Structure formats: structure tokens, C-alpha cells
Amino acid sequence: MSDAAHGAKPAEEPEKELAAGPFGQFLKEHGINSKRLPDHSGAVEVIEVEGKDLEAALKRLRNSQETQLNYLLTITGTEYPEHFESVYHLWSYTSTKELVVKVKIQKTAVAEGALPVVPSIANFWGAANWHERETYDLVGIRYSGHPYLRRILNPWDWDGHPLRRDYKQPVDALNDKNPHSMR
Amino acid sequence: MTLELTSPELKTQEMIINMGPQHPATHGVLRLVVTLDGEIVKHVEPVLGHLHRAQEWQGQNRTIFQYQALIDRVDYLSGMFTSWAMARSAEEIDGLKVPKRAEYLRVILSEMNRITSHLLWLGTYLIDLGAMFGFPFYPFREREKLFDLFEAVAGQRMMFNYIRIGGVVRNPPFGWFDKLKQFLDEFPDRIDEYEAIVTENPIFLKRTQGVGYLSPEVAMNYGMSGPCVRASGINLDLRKFKPYSVYPEIDFKVPVMQEGDTWARYMCRIAEMRECVNIIRQCIEKIPGGTTEELRKTLGTTTPEKDDSKDLDPEWLLMAKKQNAGLRIKAGEGFSAVESPRGTIGCYVVSNGSDKAYRFRWRNPSFCNLSALSHLLVGSPIADVMAIFGSIDVILPDVDR
């Protein structure tokens, strides 16, 4: 029963374009395009930016006096049937503002056998370093320009990315008596 | 004849040593690859993942009802907070309103959990510093008393599975609130006792004051939270900052220190334990329906479990969602966080309306706090490595999940 729902989309996307929220407006004033996404609870602004604009957008949102989104909670990688998402949850140490930034990569744009690529923000934001490593490790999103993109939770020679929908656990992966194992 | 130590050819050589994974002071299994120049740490690389239990994978491959029982293991010293973070995100997606009595029970049990967590930290931290004279057992004495109370209400001493989506599972048994009040009466004296032994102890001060300074800028850059940042002068406590549950109704202070060193982190946690006592006292006063005895007297029933009385005030209920194996939440996505003893613990749930979540993501305070460790340790002597590492209160299952 529940397995059938695995491939389903988690939320219905409405057709109409949403008006930009305060953060979307702020980014637009600084020449960065973003798209407002529907949010379930309505309390938090969710925007989508292009991968190439990500660094500029997050630097702006982090450093500007108006926004001060200087608390990076987490970076999440999610695999959907049609696309990958890299989700940035931003809060602030000084105000109660919050924002969710998403970068989407369509699966059709990813070459066979290659990993989807998102620009890294670890060079200017220390908190992103380990989150990006973890997302690379578990979901298999490659963060280009990361200073040390190496598996963090799995062993360095692990095969595959466990949170992918098509991931198959190697049966003998942890058996060091097996000559074909990765240990 | 004197040796010419200033000769240009004579230089020191860097040495790489491996601390862990089975180092007794790492509270779990963490490996630190430390590069040393003499006694001074030049570079640290933490190697994680020895305790990786694929919690996020399990969240996607177990039903939500099954997974509720597992998430206490994410951070086993503060299971209430992990359950609470997950319950809050599910309630946010579902639009559930939790009954007041359940919220108060959540706050009481969570603050008790905060005390047990800080007590364990206090005992083990003193061991990390080399205080092997029996003090570490003092906090464990009080911790056991709280565990007895947990056992009476949740059925488990550590892996509670008490806070569920929509509320809490049961009312405390008869006499439980009296025992808790008795504990609260004696606990401040016990904290005084710890402070009399530790706070002014010259050895402790030498080992901690000025050691492991964390500047607010570094803390913000690494996304740190909890007592670590509050000891560095950042007033980030979600209970005040983004109030949730019934915390707005409770009068309490958030201890903030400016020093930013190991000692300040210790003082912050001690002050927090005192505030916990204050919060629990107020909750017992304010809880709707009163203690279990008072509630049963009003309802005219005799057992603590029965909740199906017709004239029950909706605020006195415990659960807003039916708990059964087919438990499902609406489609949507939500992120919610609570203030755990280690900092902001959050849970990002993407649900597609089935009985399994589409994506589970944990935001663990230990993981983020630990990422600043390499920055904190560089330049300090090797003897301080464990003093600094212990002071940020990392729980390895919380790091590795």
C-alpha cells in the first residue's frame, strides 16, 4: 500500500504564479531572480533560485542589515521523481525571520552516471561544510567548489548514495572476509 | 660544552596522532586525527560515522508510527527533545492543536530531561578533566531519581517514546507529582553541593578559565547553538527567541555569559539546571486539570489511565491524534525545532500523505557544534583537547544518527 505512494509527488503544485514575498522582493531589488514556491503552513517564505545565483543570493541575505539571515540551520538533499532539491533553511541569530531557499536540478539535465551539481557555499559559510559533505554522502549531490568534498558518515570507499530511491544495499558490504567487499 | 639549540638546521617535526575512535573521553566513538607540533595542536580532522545508524533512511522506510519509537535514539540523552521536534513538524504539517495539559506535560518531562542530560555532562566532563575522586557519581545520584520518575510515567528510563504526534501518551500515576515536588525541593541544594566542590576549585579553574575561547563570530559562522553560544554572549534560546508550546506562559530567565571559554559553558549549564527547577515548579502550578489525583477527583474516576469521561474539558485531554499503526500525516513539508540541552534540534519532514514520510531530515545540534571543533582546538596544547571537546557537550549518536 504505502510503497505505491513512494513515487508520488508529496505536494500538488498549483498552476498560478505566486507573488514575491519580502525576501524575494529584496533579492529582486539586488538583481537576483527568484521564484516563490507554495508553502504548506504559509508562515515561512519558500523561494527557488537558480544554482548560478545561489552564492550571490545567500551572501546578500546573510550580510545585509535588512535581512540578517545569518543562521544556517541545515542543508537537505531530497530526491523527487523528476528532480533533485538542495534545500537551505535559514534563520537569524538576531531576529525571528526565516526563509527556505531551494535549488532544483532536473533529472533530465543530469548526464547518465553523473551526479547532480550545485555550487558550494562552504567557502564563505563554515556551517555549510559538513552539511554539504553529508548531502553528498547520503543523497549524492555534488557541491562544486567544496574545499573537501569527502564522505562524512559512510566509510570513504562506500558505494552508492543510501538515500537515493534506487539504492541497493551491497549485501556483503561490511564483511571483510569477502574479497569483493568494500572494506 | 653547550648544545647549540639555535642552529638553523634544528627544527621540530610535526607528528600526527590518532585519538579514538575508542577514546574514553569521546562519549561514544569519534576519531580525531590530530597534527601536533610539540604539544601544540596544528590541525584536527574529526572522522565521524562510527555510530551511523541510518536514522534518516529508517525514517523513510518505516511507517511514521514505527519511526516514532526509534527517534529517541537519535540523541539518547535527551530523547524527549528529539521526539518533540519530530512531533512538532508533523503537527505543523497536519495543523493539529495539542491539548494544553499535554503541552504542560511535555514541558515538565522535557525540562526534567534537560536536567538529566546536563547532569550526565557534568559528571563525565569532570572525568574528562581527570577528576577521578568520586565526584562524577554525585550527579548520577540525582539522575537516577529522575529516571525513576521517567520510568513511572513513560515506562522507560531513557528511550521514552512518550511525546507522540498530537500529544503525549499517558498521565503520570498517582503520587508522581508529589515525588517530583520532593525532588525539586532538594535539587537546588544538590546543585549548591556540586558548585561547592567544582566551581571554586582551583584545579578546575586552571583547567577551564580562558581555555577554548569561542568568539561569537565563529559560533555564528558554524551555525552553533545551545549553551555553547549562550556562553559566548549570543542570546539564542528558542524557548524565548521563537516561543513554542506553553513557554510564553512561564516566567524564566535564559542564562547568558560573555566570557566564551570552557568555564562559561560550565556556568551556563549549571544556571540552566536551576532555571529548569523554576520552570517545572511553575508548570506543576499551572497544569490544566491539576495533578493526576486532582484530575481524577474532578472526573470521579479512580484509575489514572481512563480518559474517556464525557465531561472532560478538551484542554485536559492528552492526545489530539489517534495513535495506531496506520498513523499518517497530510501531504506537505514542515520544519520545526526545539531547544534541546545541546542546542537547536530540528526536524524537516516531507510527507506525501502516506503512512511513511517521503524525506526525513534531522538538524542535530551536536553535528553543527562539532564542526567548529577543528577551529577551537588549533593552537591549544594537547592536554586541553579533551577539556575543550568535552565542554561543547557533543553526543556522538546525535552527530552520526
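**Helices H4(B) and H11(B) cross in a left-handed way (the near helix is turned anticlockwise from the far one by less than a right angle).** What you see is a predicted model, where local features need pLDDT of at least 70, side-chain atom pairs count only at pLDDT 80 or more, and totals for chains, interfaces and linings use all residues. Residues are numbered from 1 along each chain as its sequence is written, while chains are lettered from A and ligands numbered from 1 in the order in which they are written. Helix H4(B) and helix H11(B), which covers residues 262–286, pack at an angle of about 160 degrees, and their axes are 9 Å apart (axes are lines fitted to C-alpha atoms, for helices over the stretch in contact, with angles from 0 to 180 degrees between N-to-C directions). That makes H4(B) and H11(B) roughly antiparallel to each other (angles over 145 degrees). On the H4(B) side, look for Tyr104(B), Val107(B), Ile108(B), Glu111(B), Met112(B), Arg114(B), Ile115(B), His118(B) and Trp121(B). H11(B) answers with Arg269(B), Glu272(B), Met273(B), Cys276(B), Ile279(B), Ile280(B), Cys283(B) and Lys286(B). Sorted by class, this contact of H4(B) with H11(B) has 11 nonpolar, 1 polar and 5 charged residues (nonpolar means Ala, Val, Leu, Ile, Met, Phe, Trp, Tyr, Cys and Pro, charged means Asp, Glu, Lys and Arg, and polar means the others, Gly among them).

**Helix H4(B) also packs against H3(B), at an angle of about 140 degrees.** Here the axes lie 8 Å apart, and H4(B) spans residues 100–128 (helices are DSSP runs of H or I with at least four residues, strands are runs of E with at least two, and both are numbered from the N terminus). The two helices, H3(B) and H4(B), are therefore oblique to each other. From H3(B) come Met80(B), Phe81(B) and Trp84(B), which meet Arg106(B), Leu109(B), Ser110(B) and Asn113(B) in H4(B). Tally up the residues in this contact of H3(B) with H4(B) and you get 4 nonpolar, 2 polar and 1 charged.

**Chain B has an open sheet of 3 strands, in the order S1-S2-S3, with antiparallel pairing.** S1(B), residues 14–19, and S3(B), residues 40–47, are the edge strands, so each pairs on one side only. On average, and ignoring direction, neighbouring strands of this sheet are turned by 20 degrees against each other. Zoom in on S1(B) and S2(B), residues 31–37, and you will find 6 bridges linking them in the antiparallel sense (strands pair if DSSP finds at least two bridges between them). Spot Ile17(B) and you will see Val34(B) of S2(B) standing opposite.

**Chains A and B touch through 29 residues of chain A and 39 residues of chain B (two residues are in contact if their C-beta atoms, placed from the backbone, lie within 7 Å).** Elements of chain B that give two or more residues to this side include H1(B) (55–61), H3(B) (79–94), S6(B) (331–340) and S7(B) (343–352). The largest share, 6 residues, comes from S7(B). The side of chain B that touches chain A divides into 16 nonpolar, 13 polar and 10 charged residues.

**In chain A, S3(A) and S4(A) form a hairpin with 3 residues between them.** These strands run antiparallel and are joined by 8 bridges, with S3(A) covering residues 71–79.

**Ala20(A) sits in the segment before helix H1(A), residues 22–29.** Is Ala20(A) buried or partly exposed? With 17 other C-beta atoms within 10 Å, Ala20(A) is partly exposed. Leaving out residues up to four places away in sequence, Ala20(A) touches Gln25(A), Lys28(A) and Arg36(A). Trp156(A) is another story: Ala20(A) and Trp156(A) are 136 residues apart in sequence and 42 Å apart in space, C-alpha to C-alpha.

Key. Parallel < 35°, antiparallel > 145°, perpendicular 65-115°, else oblique. Buried ≥ 20, exposed ≤ 12 C-beta atoms within 10 Å, placed from the backbone.
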